[in-house]
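Here is a two-chain model to go through by question and answer. Each answer sets a value against its definition.

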Amino acid sequence: MTFADTTKIAITSIFRNKGRALLTMLGIIIGVGSVVLLTSIGTGLQKYIEEQFASFGSNVIYLVPGNPFGDSGGFGNPEDAIIERTKKTLKLSMIPQIKRQFREHIASAAPMSLFSGQVQYKITEKKATFIGTTEELEKVLNNKAAKGQWFTKTDVDSEKRVVLLGDTLATELFGDVDPINKSIKINTVTFQVIGVLEKKGGGGFGGPSFDSYGYLPFGTATKLFNNDTLNEIAIQGRSKEDVEPLVSDIKGLLIDKYNLTKEDFTVFEQTQILNTINSVLSVLTLGLGGIAAISLVVGGIGIMNIMLVTVTERTREIGLRKALGATPNQIMLQFLIEAATLSVFGGSIGVLVAFLGSLAIQRFFPAAVTLSAVLLAFGVSAAVGIIFGVAPARKASKLSPIEALRSE
Amino acid sequence: MLLQLKNVSKIYKLGEVEIHALREVTIQINEGEFVAIMGPSGSGKSTFLQVASMLSAVTSGQIFLKDKQVESYDEVEQAGLRNKEIGFVFQQFNLLPRTSSLDNVELPLLYAKVEASERHRRARAMLEKVGLGDRLQNTPAQLSGGQQQRVAIARALINNPIIIFADEPTGNLDSKSGEDIKNILKDLNKEGKTIIMVTHEDDVAMIAKRLVFFRDGEICYDDKFGWNKRREQNLKPEDRKEIESKLKMMKKKK
């Protein structure tokens with residue numbers, strides 16, 4: 001009797017009890033489905049955040065006032081973080097100084113200050129966040145103009161009243177109208193729109209997105225909003241290798257040259273934040289998967305239960321097969337394959353259900369079914385079938401042929 | 001000598017009670033013989049069949065099949081013997097339910113690792129031989145009792161065994177179907193197959209060439225050797241009378 005023959009027998013007998021097989025598989029379907037679906041939410045979130053970070057430019061170091069991360073190193077109390085960010089320890093003059101000092105390692109650097117203001121085009125009026133910056137932000141954040149162009153160094157130096165709009169803000173103000181060269185009012189002062197930025201995405205969890213910001217020349221912005229706090233300096237290293245040494249070099253420079261203490265500012269790179277978020281999400285994914293795995297075990301017990309019933313029900317068949325020359329191993333294999341088929345088939349349906357489920361979830365929330373999650377769930381479900389199938393299959397293989405034949 | 005049992009005993013344990021189903025049974029059966037095993041229920045005739053056909057292990061004694069001592073074979077070796085050397089015909093037919101005649105007959109070939117196309121060919125030929133060439137795809141539920149038993153006989157013959165064990169082969173059949181099965185068995189024996197059959201029906205036993213009577217787990221009368229001398233003194237007179245009258249009547253009918 002070949003393996004294929006045994007498999008055929010096992011599958012045939014499953015098909016004889018379709019309803020029961022389906023109900024048994026339901027446990028595995030739910031188990032595998034929930035493991036794959038829940039981990040897909042975790043990994044989807046992770047992927048989403050990585051993409052967001054990548055879209056904010058690569059090899060970027062941030063220099064911010066105070067210590068927004070709190071003493072413990074994580075993201076501290078949000079109120080404290082806001083207070084820290086408005087400390088006036090950063091100066092615009094630091095940018096040329098830093099760039100000069102580490103010329104070989106720095107590609108570009110730009111200041112970023114955030115302001116809140118009222119913007120108006122014709123009768124459309126709304127509140128918006130503005131970033132005061134320089135032309136270099138285009139390179140640092142990899143944030144190109146989709147229409148029109150970025151303001152130039154001359155525009156920045158002469159504090160011209162020009163504005164670039166994020167994609168979302170442009171749509172909200174202008175709808176289908178082309179915003180280029182149109183005049184808008186920011187806090188009642190007239191500005192000319194010179195460009196609309198490429199869509200960046202992000203800000204999906206209710207927070208502001210780069211797409212909903214307006215971008216102003218730094219000097220223009222500080223005058224307009226009458227506030228010269230520098231919230232952030234974004235510095236782009238020339239390569240990945242430059243990032244780590246730059247972080248400590250810039251720290252040293254600021255402490256030496258500007259008489260600042262460690263508490264006055266923070267230098268961090270985005271991978272640092274990314275790693276923190278990723279480690280949190282990994283734990284989350286693991287936790288979700290673990291909880292779902294419980295249902296997989298319950299599904300496995302369901303298989304064991306039904307296989308025990310099957311063995312009892314088919315004692316006569318087992319006796320007959322033995323009388324006709326089946327060895328204990330062949331009987332064991334037949335029932336093991338039956339259990340494994342139930343679980344693998346159920347697992348496949350579970351993966352399919354999870355895949356469809358994640359497609360549905362993707363409309364509201366990032367979710368990604370990964371190959372590794374599918375393979376793992378598949379492997380686990382096959383293992384569950386075999387492990388929980390062993391006891392009934394052994395029981396079947398050990399029956400004495402004549403006693404099995406005589407059972408009613 | 002095809003099959004030989006030497007001092008074979010079988011003891012069942014039911015809790016504390018030991019039941020001696022077979023007591024030191026010794027018998028020799030040659031190739032081509034047709035033996036009918038008779039006796040009332042509890043006489044040990046069915047246990048004899050199970051032990052001799054390796055469906056059940058002996059408690060003591062030896063069994064030789066074609067001069068090979070087989071009672072000490074392990075489970076796998078015994079499975080191989082049952083598969084290739086022995087054919088079974090049961091009172092309850094014991095066909096796999098919801099399975100076609102063809103698949104039922106193929107079953108022993110499956111365990112004999114015969115290829116699929118060869119299995120189909122042989123099973124079809126065997127079913128044609130027992131007159132069921134037009135019932136290949138029918139499941140047991142779609143067949144009459146006699147037809148089911150013919151499928152079972154085809155299954156018993158499929159691996160060309162050297163010996164066939166039949167346990168009350170007509171016990172579940174009406175007399176017409178019973179006649180058919182009796183004729184098939186008679187023909188098989190004519191073709192040279194060795195058959196050992198347990199029955200309690202005199203007219204079924206009459207198709208056999210050799211009669212063996214069991215009482216209390218022992219052979220008390222064997223056509224070939226007459227009364228069991230060792231057993232004779234503790235045989236109850238009424239049992240002896242019954243067997244004698246049976247023999248007389250059966251000889252008269254023949």
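**The sheet in chain B**

Q: What makes the seven strands of chain B one open sheet?
A: Seven strands line up in the order β6-β7-β8-β3-β9-β10-β11, with mixed pairing. Strands are DSSP E runs of at least two residues, helices are H or I runs of at least four, and both are numbered from the N terminus. Two strands pair if DSSP finds at least two bridges between them. The edge strands, β6 (86-89) and β11 (226-227) of chain B, each pair on one side only.

This is a predicted model: local features need pLDDT of at least 70, side-chain atom pairs count only at pLDDT 80 or more, and totals for chains, interfaces and linings use all residues. Residues are numbered from 1 along each chain as its sequence is written, while chains are lettered from A and ligands numbered from 1 in the order in which they are written.

Q: How do you know that β3 and β9 of chain B pair?
A: Four bridges join β3 (residues 34-38) to β9 (residues 210-215) in chain B. Pairing needs at least two, so these strands qualify. They run parallel. B:A36 stands opposite B:L211 in β9(B).

**Core**

Q: What makes a set of residues a nonpolar core?
A: Its members are buried Ala, Val, Leu, Ile, Met, Phe, Trp, Tyr and Cys residues joined through C-beta atoms within 7 Å. Buried means that 20 or more other C-beta atoms lie within 10 Å of the residue's own; exposed means 12 or fewer, partly exposed in between, with C-beta atoms placed from the backbone. The largest such core has 121 residues. A:V36, B:I37 and B:I196 have the most contacts inside it. Helix α12 (residues 328-361) of chain A gives the most to this core, 12 residues.

Q: Which residues does B:I196 touch?
A: Contact means C-beta atoms, placed from the backbone, within 7 Å. Leaving out residues up to four places away in sequence, B:I196 touches B:I29, B:V35, B:I37, B:L49, B:A52, B:I163 and B:F165.

**Chain B as a whole**

Technical notes:
Contact = placed C-beta atoms within 7 Å.
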